[in-house]
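Trainee: Could we go through this structure together, feature by feature, with the general idea given before the particular case?

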Amino acid sequence: MAWTLAPEPHDSPVAAALWRAYYTEVSDRWYLLHEGRRTDPGELERGIAAEPGDDLVPPRGLLLVARYAGEPAGTAGVRLLDDATAELTRVFLREGMRGRGGAALLVRAAEDAARSLGATRMVLDTRGDLVEARALYARLGYAETEPHNAAPYAEHWFARDLTRPA
């Protein structure tokens, strides 16, 4: 089985379904850890609506979708913060697709996309409980750094110089 990666409109049905799966998983993980419950359905809908992804469109952004054996499996988004800095966001693989190398492929493709947008540096944020994500970024050459944003759930910030090999 082979992975394929391609740009996808942020508002396509495929992108919307993957965004819903991503947001549901990370939201449920947070609420289960901190409040012992899953995300309230109304809150889930408000959270999804608050992050439509309209900043993941050319010429200053891009959403990539990974497919495994032709089935939508995951995403990675890139958006320029300034002329030299891109932010990596929405890195996600469906649970059944994990452990097959897709996450690293998505991140590397997002780095290539950031370079094509003119970025020389990639930054990202994540939460402490997303240990798999933190391990992935460290393995791919990202180093923890000072905060680059004040995102409400961000607990760890990473950066990588895109002009240097990983």
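Trainee: How many of the residues of β4 are buried?

Mentor: Buried means under 20% relative accessible area, exposed over 50% and partly exposed in between, with a 1.4 Å probe and protein chains only, while helices (H or I, at least four residues) and strands (E, at least two) are DSSP runs numbered from the N terminus. In β4, nine of the nine residues are buried, so the strand is largely enclosed by the rest of the structure. The model is predicted, so local features need pLDDT of at least 70 and side-chain atom pairs count only at pLDDT 80 or more, whereas totals for chains, interfaces and linings use all residues. Residues are numbered from 1 along each chain as its sequence is written, and side-chain values use heavy atoms, with hydrogens and water left out.

Trainee: Which residues does T85 touch?

Mentor: Contact means heavy atoms within 4.5 Å. T85, which lies in strand β4, is buried with a relative accessible area of 11%, and, not counting residues up to four places away in sequence, T85 touches R79, L80, A119, R121 and V123.

Trainee: In which sense do β4 and β5 pair?

Mentor: Two strands pair if DSSP finds at least two bridges between them. β4 and β5 pair in the parallel sense over three bridges, and E87 has V123 in β5 as its bridge partner. With β3 (residues 71-80), β4 runs antiparallel, joined by six bridges; G74 has L93 in β4 as its bridge partner, and the two strands form a hairpin with four residues between them.

Trainee: What is the relative accessible area of R90?

Mentor: R90, also found in strand β4, is buried, with a relative accessible area of 8%. Leaving out residues up to four places away in sequence, the residues that R90 touches include W19, Y22, E51 and P52.

Trainee: Which residues lie nearest the centre of the largest pocket?

Mentor: On a 1 Å grid over the protein atoms alone, a pocket is an open set of points with protein on both sides within 12 Å along at least five of seven lines, where a cavity would be a set in which a 1.4 Å probe fits but cannot get out, and lining residues have an atom within 4 Å of a point. The largest pocket is lined by 46 residues, of which Y22, V26, R90, R127 and L130 lie nearest its centre. The largest share of this lining, nine residues, comes from α1, and β4 (85-93) is among the elements that each supply at least two residues.
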